[in-house]
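Please examine the model shown below. The paragraphs that follow lead through selected helices, cores and strand pairings.

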Amino acid sequence: MLTKRKNTIEEDEIISKITNIIEAMDKSGEFTGTTVKDAVADGLKDYNGLNIDVYADAHCENNSALGSYMVSGYIYNDDRTIDSTIDLNGYFYKKIDPNKSIDDIGDCISISLSYLYENNRDFETIQNTINKLLAGTSVKGVVSDYVDIPKTNTTFGELAYKVKLTDTRNGLTNIIYSQQSTNEPRSINSNQTFEEYKDAVAKSLNSLLVSNSSTISDIERAIAGKIQKWGIGGCIKDYSFTPATISKAGSVVVTVWVSENSYNENGKTVKDDEIKTTLIIPKLSSNGSGSGSSSHSSGGSSSSSNSSTSTTNTSTAGTSTNTATEITKPVSLANMSKEAVKAVEAKVVSKISTIIGEGVSVGQTKEISAPDGNKLSVTPIAKEGKSTGAVITAQAASIQAIIPIDKNSEQVTAVYKYVPLLEKYIQVQDAVITAEAITLPVQANATYVASPVALSTTETIKQGWVQSGDNWYMVNAKGDPLTGWQKDSAGWTYMSQTTGAMQTGWAKDGNSWYYLKNNGYMATGWVKDGATWYYCNADGSMAANTIINGYKVGPNGAWIS
């Protein structure tokens, strides 16, 4: 920005012109104080007596398409009615060769994103930067699994996200994983070694519990928060997920690349290594989903993982009838009436029309068929006569629904599913978007939005805890609120079987009673409810008709004094 001492109309006009001149300059060629001074002088030749004194620099690394520039100096006239400090900085974009392979373009995007300023790494800025970098190519990029880990007193903040690139010419895809350190901690541990960092990452991976609802974001959170000094870092290099079934265990296989950059009189030295870990998802029970516990095997450099001493929570809340994971299920949309489905569809059409803004129009709803015969209703959305997306509702579940795209349509950047209970949207990670069609799995009675813009964080949710009104919910990767017993890193919680809302107070599961604290987590040990004491066993179930450490509890669980 340009900061100024005075605020006359003439000065504002000159400052605006200077800003426009500098922003319009080609910064990929010669960009110096002299060229900037000449350009500004030429653009302001109608103003007599102006003195310009500036320094300028532009820099763009090899293989990067994103560069940065800065201009600083002064502009003034002899009588000082014009007297401003110039302090301007920003980005410029170099054209990516559209004939490059999607792998080469992926490398370029990865390098380019690493040069974003720390205060320009929010989700929307990253997505918009990718859109600009890919302009003029046949490749589209979508950001997902965005995780922002705050700093602590002793560890750096870290930012992680995934970019899925799709070449619309041939449908080829490329996945980029990015993880960067951000805010500096109050106390830097300059003695942290590369081996210590590597071991800390390996131990975190090997203590991670995974299930069929686990995502890359869970892995990113697990390996974050380990950086204690500059120059050390890590990033997911490869990730694969195989869901568990009733007959077969599943797995999450992740490879993390770790590195350290150091400098001495001989120049830059780089240490790097890989940690590959396989996390096992146990087979599903006959009436539920995977248990979220895991066994591990690590290869590569992470020998320390074999001696991991992470503590495993052995609580088995709800075991009187079902284990916690056996009764886990999403709040189903399948029982919605046709009228309710249509009402949701109309609400989503109205909401998306508002987001797209002035000039929007809603087309006539059409019915199409998925390859398996499932019927889909598609409502096209246009702006100023040009197709910009669609609202899609599925009558039944399909593994693969294909929605054609108008060849003159604005490019769809993301597909979201609407979650009626929470009145929010969640991005569909499995959607494949090309210039010709959108392909995605759909749920029965679910409504989806094919959007030309990324929806704001206030409109969307991600897997994990979500607050809506006065209630808390835990949602899976599809945005479905989960019910029954759920476990996170802090303990067990119980979600309503009918609404999915987190419960507090006493809850009965099977033949046992459990006490859920005000924060929703299951209590163990002595619990005081009103003026009465109760005792909850290690699995959370209330004790009754027994003696606990010399204290007797009656048939209703209350302590008999």
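Helix H6 (216–223) is largely enclosed by the rest of the structure, because six of its eight residues are buried. Here buried means under 20% relative accessible area, with exposed being over 50% and partly exposed in between (1.4 Å probe, protein chains only). The buried positions of H6 are Ile216, Ser217, Ile219, Glu220, Ala222 and Ile223. Gly225, with a positive phi near 75°, follows the helix. Helices (H or I, at least four residues) and strands (E, at least two) are DSSP runs numbered from the N terminus. This is a predicted model, in which local features need pLDDT of at least 70 and side-chain atom pairs count only at pLDDT 80 or more, while totals for chains, interfaces and linings use all residues. Residues are numbered from 1 along each chain as its sequence is written, and side-chain values use heavy atoms, with hydrogens and water left out.

H6 also contributes to the largest nonpolar core, which has 27 residues. Such a core is a set of buried Ala, Val, Leu, Ile, Met, Phe, Trp, Tyr and Cys residues joined through side-chain atoms within 4.5 Å. Leu205, Ile219, Ile236 and Tyr239 have the most contacts inside this core. At least two residues each come from helix H5 (194–206), H6, strand S8 (232–242), strand S9 (250–264) and strand S10 (267–281). H5 gives the most, with five residues. Beyond its neighbours within four places in sequence, Ile236 is in contact (heavy atoms within 4.5 Å) with Tyr177, Ile216, Ile219, Glu220, Ile223, Val254, Thr255 and Val256. A second, separate core has 22 residues, among them Leu66, Val139, Val143 and Leu159. In soluble globular proteins, nonpolar side chains tend to be buried together.

Strands S17, S21 and S20 form an open, antiparallel sheet in the order S17-S21-S20; two strands pair if DSSP finds at least two bridges between them. Strand S17 (398–404) and strand S20 (432–433) are the edge strands, each pairing on one side only. Strand S21 (residues 437–442) is joined to S17 by five bridges, and Ile402 has Thr439 of S21 as its bridge partner.

Another antiparallel pair consists of strand S25 (residues 482–488) and S26, joined by five bridges. The two form a hairpin with two residues between them, and Gln486 stands opposite Thr493 in S26. Strand S26 (residues 491–495) has five of its five residues buried, so this strand is largely enclosed by the rest of the structure.
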